[in-house]
Amino acid sequence: MTAAPDAHGADVETVVEVLGGGVVLGGRPVLRDVDLVVRPGEFVAVVGANGSGKSTLIRAVVGLRPVTSGSVRLFGTDQQRFSDWRRVGYVPQRSGAGSGVPASVWEVVASGRLVHRSVLRPLRRADRTAIDEALAVVGLADRAGDPVTTLSGGQQQRVLIARALVSGPDLYVLDEPTAGVDAANQQALADALGVVSDAGATVVLVTHELGPLAPLVDRTITVREGRITDDVAGAHDPAGGHHHERPVRHDHLPYLGAPVDGLGAAAHEHGGRP
Amino acid sequence: MIELLSYEFMQRALIAAVFVGLAAPLVGIYLVQRRLSLMGDGIGHVAVTGVALGLATGTSPTWTAVVVAVLGAVAIEVIREYGRTGGDVALALLFYGGLAGGVLITGVAGESASRLQEFLFGAITTISVADVWFTMVLAAVIVVVAVGLLPQLFAVTHDPEFARVAGLRVRAYNVLVAVMAAVTVTVAMRTVGLLLVSALMIIPVATAQQLAGSFRRTVWMAMVLGLGAALGGLLLAAYLSFSARVAPGPTIVLVALAGFVVTWPVGVWLRRRRALRVPFAAETLPVAVPAGAHAVEQHGHEHGDGCGHPAVEHGDHVDYLHDGHRHAPHGGHYDEH
């Protein structure tokens, strides 16, 4: 799948290409002059503290938050004109509350298959096979008929991964896939992403803790105050491998730090994670 | 009772009730999923102006209502999309502007308030043959569109951001839902009335989601419940009208509401039973716990889904309640949180 010819017959050298990308929200620059090139087959982790702009960066890549300056290209095509959405599998940040209208695990995963279905075309056997396979990869085949709301947060995250998997994309874009997910489910997520990565897919994910994903990561990009401050090979976990030398907080209030917290070398060791 | 059914006005009313009962909840489910349960009510208010314009100009109030309701629905959607802050205030302006305008125009045109009341609270038994055709055709169109586009509409209303990255035209589908809601409002106004129309769109959905476990099942259940409420309410009103003045519109809504009241305890029980399968059921959290780390050996298992220990989402990770402690899996052991 790497360097596969695209629809126009030319070799695709970049999957994602952001040049001088900037995003301004309400007059405040959230992303400033960002350059990011992701090549086929790469597994890229974008790390940074809350509010650093890392989520905005990948939202700009998929077009949910179009850049106000610079350019974004997907598979060599300008993002605004890109239409081959079956090549992109997006996993949004898991939202807490639903609307209350029930939806089964199978139905949510099946909605990922819509990129292959024109309007009014019923599900074909290939669609059903793809849905079953995606559920099997994330280990939720036995929960297909259950309402999504009866699953734990980690399992719900795996459903969202399956929804992206089911369209067989070349590029996976994931926003905080491990947030609020317990260790066993983080491992299940990592296993599923390992499967797609081994199959040659490109993965770009935003996280503030790599955890079990670390062995998969080819490249770590650190975003701080809207700029890419670090771009290194391999996994570079901002949470550090171990955080016991740090005083452990026992209250359960949200972590409120001064702006200077997390600056300097300490940030690389344990920044962000309360 | 049987002889009631031999009246032609009753047959027309029954046909209208069947079509409205099936179509209204089908559109309502998308409104509920988009958290716009009151949108139908708002469109109903705007449609009052449409009815009044029809009465004042001597044209069919049904058609003027359709036009004004669709314009109002699109306006609501545009305001929602671009209004951001103050969007609900703008909606309120539209709602009350529509209602006040309708009442004013009716008065100026010299029509009586009781004529307007037919549209406000429904007058299913005075429905004409032309109106029955109008109801049947438009309701059938709504059912075909809403069922045919079910996968797309489900994706767009369930997770708009994902739908956008999947290449679906989210804005166009949102406008489509709004237009379908407007058409449903005008189709149902002769049956339950503009002020109660939203009830027939929303209550069957609220009832169905107590029991159903999937979107598709919610759709079918809501349609059956809507049909049951419309037919049951109409027949009940007709039966009771031998002894008292019972209006069909409010009876239909109250029958639908009764269905919800009956199923609500069942829904509570179902949800509790399902929740037992999930670890996120902690009622009480231990207050202060001493710091320290348990060794893994003390557990005999790894905390995870279905391990029996209540799980609590804690910031970016999950703690498991264990003998009054909060365990956060970390490396080969558990941190105390």
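Biologist: Let me start with a residue pair in this model. What stands opposite L25(A) in strand 2 of chain A?

Modeller: This is a predicted model, and in it L25(A) faces R28(A) of strand 2 of chain A. The general idea is that strands of a sheet pair through backbone hydrogen bonds, either parallel or antiparallel. Here strand 1 (residues 16–25) of chain A is joined to strand 2 of chain A by seven bridges, and the two run antiparallel.

Biologist: In what order do the strands of that open sheet come?

Modeller: The order is 2-1-4-5 in chain A, four strands with antiparallel pairing. Strand 2 (28–38) and strand 5 (77–78) of chain A have a single partner strand each, so one side of each lacks a neighbour in the sheet.

Biologist: Now to the other open sheet in chain A, with six strands. What is its strand order, and what kind of pairing does it have?

Modeller: Its order is 6-7-8-3-9-10, and the pairing is mixed. At the edges stand strand 6 (88–91) and strand 10 (227–233) of chain A, each pairing on one side only. From one strand to the next, the twist averages 15 degrees.

Biologist: How many bridges join strand 6 of chain A to strand 7 of chain A?

Modeller: Four, and these two strands run parallel; strand 7 covers residues 171–175.

Biologist: Which residues lie on each side of strand 6 of chain A, and are they buried or exposed?

Modeller: In a regular strand the side chains alternate between the two faces of the sheet. For strand 6 of chain A, V88(A) and Y90(A) are on one side, G89(A) and V91(A) on the other, and all of them are buried.

Biologist: Which strands of chain A does helix 1 of chain A lie across?

Modeller: Helix 1 of chain A lies across strand 3 (43–47), strand 6, strand 7, strand 8 (202–207) and strand 9 (219–224) of chain A, at about 145 degrees to strand 7. Helix 4 (residues 153–165) of chain A lies across strand 6 and strand 7, at about 165 degrees to strand 6.

Biologist: How many residues of helix 1 of chain A are buried?

Modeller: Nine of its nine residues, from the stretch 54–62, are buried. Among them are K54(A) and R59(A), along with L57(A), I58(A) and V61(A). Just after this helix, G63(A) takes a positive phi of about 90 degrees.

Biologist: Over to chain B. At what angle do helix 8 and helix 10 of chain B pack?

Modeller: Two packed helices are described by the angle between their axes and the distance between the axes. Helix 8 (residues 150–158) and helix 10 (residues 170–188) of chain B pack at about 105 degrees, with their axes 10 Å apart. That makes the two helices of chain B roughly perpendicular. Q152(B), L153(B) and V156(B) of helix 8 meet V170(B), Y173(B) and V177(B) of helix 10. By class, this contact has five nonpolar residues, one polar and no charged ones.

Biologist: And V67(B), in helix 4 of chain B: why does V67(B) count as partly exposed?

Modeller: Because V67(B) has 15 C-beta neighbours inside 10 Å, while a buried residue needs 20 or more and an exposed one has 12 or fewer. Its helix spans residues 61–83 of chain B. The C-alpha atoms of V67(B) and V187(B) are separated by 12 Å, though the two residues are 120 apart along the chain.

How values were computed:
Residues numbered from 1 in each chain as written. Chains lettered and ligands numbered in written order. Predicted model: local features only at pLDDT ≥ 70, side-chain atom pairs only at ≥ 80, totals over all residues. Pairing = 2+ DSSP bridges. Axes fitted to C-alpha atoms, helices over the stretch in contact; angles between N-to-C directions. Parallel < 35°, antiparallel > 145°, perpendicular 65-115°, else oblique. Contact = placed C-beta atoms within 7 Å. Nonpolar A, V, L, I, M, F, W, Y, C, P; charged D, E, K, R; others polar.
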